[in-house]
Amino acid sequence: DSQLIVQSQLDTVFSKDTDYIEYYVYDQNQNLIYPGSTIPLLDYDVRNGDVLLNPQKDLENTGFDIGVYNILYTFYRKRLSSNVALYTLLWSNFPFF
């Protein structure tokens, strides 16, 4: 049975040279409210291959400073001259009062 399980190593180190992040803001009813078209996130830090995000700052920079929002970060890795390769997803819920 152990031969039926596929094993592979994943490269999870994030690099600004090969990877990028898109983000989307949703209201409490999960309706997309930002952006109208795909925009890459440019304001983040990478330390030792780990991505450091600041959801509160990202929401405030897009004008969402009062209310409750869900922000979706989508991480992509470019592969074989392609710009679309899903990497991982992260959901966060941040209330602002």
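A residue counts as buried here when its relative accessible area is under 20%. Phe14, at 3%, is therefore buried. Keep in mind that you're looking at a predicted model. With that settled, here's what there is to see, topic by topic.

**Strands E1 and E6**
- Strand E1 (residues 19-26) and strand E6 run antiparallel, and 8 bridges join them.
- If you want one spot to look at, Ile21 has Phe75 in E6 as its bridge partner.
- E6 covers residues 67-77 and is mostly covered, with 9 of its 11 residues buried.

**The nonpolar core**
- The largest nonpolar core has 12 residues in all: Phe14, Ile21, Tyr23, Val25, Leu41, Tyr44, Leu59, Phe64, Tyr69, Ile71, Tyr73 and Phe75.
- E1 and E6 are the elements that give two or more residues to this core.
- E6 supplies the largest share of this core, with 4 residues.

**Aromatic pairs**
- There are 6 aromatic pairs in the structure.
- One of them is Phe14 with Tyr44: the ring centres are 5.7 Å apart and the planes sit at 85°, so the pair is edge-to-face.
- Phe14 lies in the segment before E1, while Tyr44 is in the loop between strand E3 (40-41) and E4, so this pair ties together parts that are 30 residues apart in sequence.
- Like Phe14, which is buried, Tyr44 counts as buried, at 9% relative accessibility.
- Tyr20 and Tyr76 have ring centres 5.2 Å apart and planes at 20°, so that pair is stacked.
- This pair also links distant parts of the chain, since Tyr20 is in strand E1 and Tyr76 in strand E6, 56 residues apart.
- Tyr20 and Tyr76 are both buried.
- Ring pairs also link Tyr23, Tyr34, Phe64 and Tyr69 into a cluster.

**Around Lys16 and Asp45**
- What sits over the ring of Tyr44? It's the charged end of Lys16, 4.7 Å from the ring's centre.
- The C-alpha atoms of Lys16 and Asp45 are separated by 9.3 Å, and the two residues are 29 residues apart along the chain.
- Asp45 is found in strand E4 (residues 45-47).
- Asp45 counts as partly exposed, at 42% relative accessibility.
- Leaving aside residues up to four places away in sequence, Asp45 touches Asp50, Val51 and Leu52.

Methods:
Residues numbered from 1 in each chain as written. Predicted model: local features only at pLDDT ≥ 70, side-chain atom pairs only at ≥ 80, totals over all residues. Heavy atoms only, no water. Buried < 20%, exposed > 50% of the residue type's maximum accessible area, 1.4 Å probe, protein only. Contact = heavy atoms within 4.5 Å. Pairing = 2+ DSSP bridges. Core = buried A, V, L, I, M, F, W, Y, C linked by side-chain atoms within 4.5 Å. Phe/Tyr/Trp six-rings, centres within 6.5 Å; stacked < 30°, edge-to-face > 60°. Lys NZ or Arg CZ within 6 Å of the ring centre and 35° of its normal.
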